[in-house]
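Look at the sequence and the structure below.

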Amino acid sequence: MTPGREAPSFFFIFADIRGRRNMVQIAHRGALENLRGQFAECAGGSGQLALITGGLASGKTHLMYEFSREVKKTGALHLAATGSRAESAFPVGVIDQLFRSAEIPPETAERIARVLQSNSLTRGSSPDGPDLSQEDARIIHAICLELLELSRKQPLVISIDDIQFVDGLSLHLILHLRRRMASAQVMIVLTEWSWAHPALSRFHAEITQQPHRRLRLTPLTVAEVSALMAQETEPQSAERYAPDLHRFTSGNPLLVRAVLEDLYAGPGSPGSEGDEEGFAEQVAGPAFAQAVLTCLYRWDTRLLRVAQGLAVLGKEASAPLVGQLLSLPVESAEQVIQVLSAAGLLDGARFRHGAAQTAVLGTLDTVERARMHGVSAQLLQNGGADPVTVAGHVIASGRAVGDWTVPVLRSAAVWAQADDDVDLVIECLELAVTACTSAEERRELRRGLARAVWQRDPAAADRYHACARQAMHEGKVTKQDAVSLLRQSLWQGDLETARTANEAYMTLEGPRNEYTEAELVLIYRWFYGSASGHTACRSDGGNPECEEDPWTRAVKSVSGGPGSAAARAALSSAVHILESCRLGETLLEVVIAALLTLLCGNQLNRASERCEALYAEAVRRGGLTWQAALGAVRADIALRRGDLSGAATHASAALALLPAQSWGVMLGYPLSTLIRAQTGLHMYEAAEESVRQMTSKAAPTTVWGLRFLNARGHYYLATDRVLAAVKDFQTCGRLAYDHDLDVSELVPWRNGLAEANMQLGRTKVAQDLVKQELNRPQGVDMHTQGVALRLLAGSSDLMQRTRLLRQSVDLLQLSGDRMELARSLADLSEAHRSVGEFDEARVTAWRAVQETKICESGLRPAPVLPAQRTAPPAQEPDQAPPSEGTGACPDAVTLSEAEERVAVLAAKGFSNREISRRLFITVSTVEQHLTRVYRKLGVNSRRALPTFLPLPQLQSM
């Protein structure tokens, strides 16, 4: 049957038997040969004794099984018995097993049965105890004679597995027979642990007085593991993966066979591209787990108990510690650990692999496991273990008992916070809250919980503010809780709670924190508008020393926003904030405001660089809220560059990280970007779904809500719902004015309203709106100016249109927005055509097409810079990407001056002959230059040249 194919249940029975034979034939070939030799001597009339010893699951039973199978084929009489811990107190348990064989003559079996039913067998003493009574000795002698009589007719082989569990009378029988079988056809085969058993010391002394052979079974070698594995998979794979399987199991035959069984029951044999180091760990499954438990249940009860203690203690386990946990002598614990280590389950006092540890932990019920974790926590604390380790056991126990647990849990939370283990922080603090007796400390713990949970889910963090909210309504809130409530309320849009918390903060006694106040002012300004007279706490009249704090000054500078008189100074402050901030230490809202300050100041590249660095840190540290918010900024940056596909991807990914309620009032930010991108990509059905994600219920006016209205207005424009678009733009403008959020860099609603009025034929109204935008007192960024000039050109006479559109192209080119640039280029091409400038119209049209294709294809070319003389190669949108080895152009290409002149004219649409006349060179020279240009840029036609050549060069010549 092919490995990996499902097999019927009966096959596994056969496979197990086959596996035993293979194991013995490969692993214990030498031991089996020795037994065969002893049996040959036995058949010749010389009594034999073989004592097979080995560690846990070393294959003793399998060896005995294979030997007995061969013995029966020769016609010998084989009597078998197995010692059992459960029957060790039964006086004649093994003797009874031996004479249950169907091959024993009926009359012999009947005589033995009468003897075993005799009331005289009452003592059952062991060889190391008092001597047998005369009656017991007489009975033992009679049974021995029956065995010797059986050996006269045919060789007799008696095999007893696990001699350490055999009852006393049966041991006496073995000794008695051993003394009398020197010249009989009798062979005794015994198996036992390779573990000292003081109770059997006298038995060993007597049984080994006569000649015998001791066969010690050792773990499998790598070669033997490979041979076994080759029977389940391909020989090449066996040779390759056997070393890892040997390391995983330490050559324990039972564990090796279990992994191979899991391999057979799994998806198939290992592939040639697999990871050799992790093969066994990936394959190990139910059969391996069961084999681990088989090892532990079959031997002494201490094995399982110590294994359970080691599994609970984990990486901190040691013989003294597990002895204290289980109330065992250290020597006994060390002995068990040595046995388990030799069996391949442990590496020192730790489990070699998690699968074995998990299997052992599964043997503990919930109550006992919790109790052991609680005791372990106390032992580790007394031993000076680190707080995280101790706290892990306290958490596993389910309750914090003792005055020492709360400080430990708090310390562990600090350590976990430093390691960005938010889950552990939450577990520690939640348990600490239940055990804390101090009201003030409980409030502090809840604040820490709220901060930790907020990194994963801001909406879920709200429940940890419930007690503080109740205290605020009762007039008992603290200053620190008021600040926490204020920030949470501003994020969620609960302005009523924010006002109450702000009033409580301002009226409560105690020192004011200018640092915190400045950040809250920034949040309100960027989210809700001007902070003057509104909810956020003001920082006037605070500590004069804090006024000189650079961070506070930077935050205050950015608080003014892009529409303030100090907007230019805010750019440097935003840079300082972004270079100094750290996830978890700086408020996320401050970071978002700093990034938007750079975006509105046309610092697109710098904003992108810092955003990407912060986003990578958020991903590495697992801050989902930071990832989502920074993902929204990444989408905004992509949109401002005209990368519609990238904007849609980033916005969708950001929205998927957090549920809608966790975004709070910021939900409109990624949604607005997604709607604009989907609209630009003509994905109108998807844009409609995105529009519906914003609930229509009453919500506080925020900059994010205005951006959503503006984006929805553009969606309505694109789908010919012009009146609905006008309504959205007008509502956006009114709310922006009322809430001091009328900042064109964030919400250019006038441009949208002007475009809508132009579609309605109201050219004069559109022209007035555009002029209002261009003549704003605080100035307008290049991007907004560029769009406004394009709209103004559309409402101006033909003679002014070309000049205005050239200015629009220049500004949009500098701003980096390729999509708006494409729109202005298209209008400029039409303007050139209208005045008869067909060459200019042709090259401008090609540029517009190329820019549009780049935006819609999802390519991310580098921003076009005025001084750029070389361009990074980009695949022409209507061509397939070059395959590997086809000579694709390098990351940067330098054209000679002559090649550049020819390429620019070719990109403008001039023929080779026209180029030769303009440059006073031959047509052949033109063709040679173009051939080199195509090769350097990795293109095959002049149609792709506008994409690669710097735009100012195309405008020159």
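Leaving aside residues up to four places away in sequence, Ser-557 touches Ala-569, Ala-570 and Ser-573. The model in which these contacts are found is a predicted one. Ser-557 itself sits in helix α29, which covers residues 550-559. Is Ser-557 buried or exposed? Its relative accessibility is 18%, and because buried means under 20%, Ser-557 counts as buried.

The next step is the chain as a whole. Its secondary structure comes to 50 helices and seven strands. Of the 957 residues in the chain, 53% are buried. Among contacts with a separation of 6 or more, 70% are between residues 24 or more positions apart.

Helix α13 runs over residues 286-298 and has 13 residues; at 1.5 Å a residue it should span 18 Å, and its end C-alpha atoms are 18 Å apart, so the two values agree. Which residues of α13 are buried? They are Ala-287, Phe-288, Ala-291, Val-292, Leu-293, Cys-295 and Leu-296. An α-helix has 3.6 residues a turn, so residues three or four places apart point the same way. The cover over the buried residues of α13 includes α10 (235-249), α11 (253-265), α14 (301-313), α16 (330-342) and α17 (354-361).

In soluble globular proteins, nonpolar side chains tend to be buried together. In this model the largest nonpolar core has 216 residues, and Leu-310, Leu-340 and Leu-630 touch the most other members. Helix α31 (residues 588-600) gives the most to this core, with eleven residues. Leu-310 touches Ala-317, Val-322, Ile-337, Leu-340, Leu-346, Ala-349 and Phe-351, again without counting residues up to four places away in sequence.

The last topic is open space. The largest pocket has a volume of about 1,200 Å³. Its lining consists of 39 residues, and those nearest the centre are Arg-447, Gly-448, Arg-451, Ser-484 and Gly-584. Two or more lining residues come from each of α20 (405-418), α21 (422-435), α22 (439-454), α25 (479-492) and α27 (514-528). Which element gives the most to the lining of the largest pocket? That is α22, with eight residues. Sorted by class, the lining has 18 nonpolar, eleven polar and ten charged residues.

Conventions. Residues numbered from 1 in each chain as written. Predicted model: local features only at pLDDT ≥ 70, side-chain atom pairs only at ≥ 80, totals over all residues. Heavy atoms only, no water. Core = buried A, V, L, I, M, F, W, Y, C linked by side-chain atoms within 4.5 Å. Buried < 20%, exposed > 50% of the residue type's maximum accessible area, 1.4 Å probe, protein only. Helix = DSSP H or I, 4+ residues; strand = E, 2+ residues; numbered from the N terminus. Contact = heavy atoms within 4.5 Å. Expected span 1.5 Å × (residues − 1). 1 Å grid on protein atoms, 1.4 Å probe; cavity = no way out; pocket = protein on both sides within 12 Å on 5 of 7 lines; lining within 4 Å. Points joined across faces, edges and corners; volume = space filled by probe spheres on them. Nonpolar A, V, L, I, M, F, W, Y, C, P; charged D, E, K, R; others polar.
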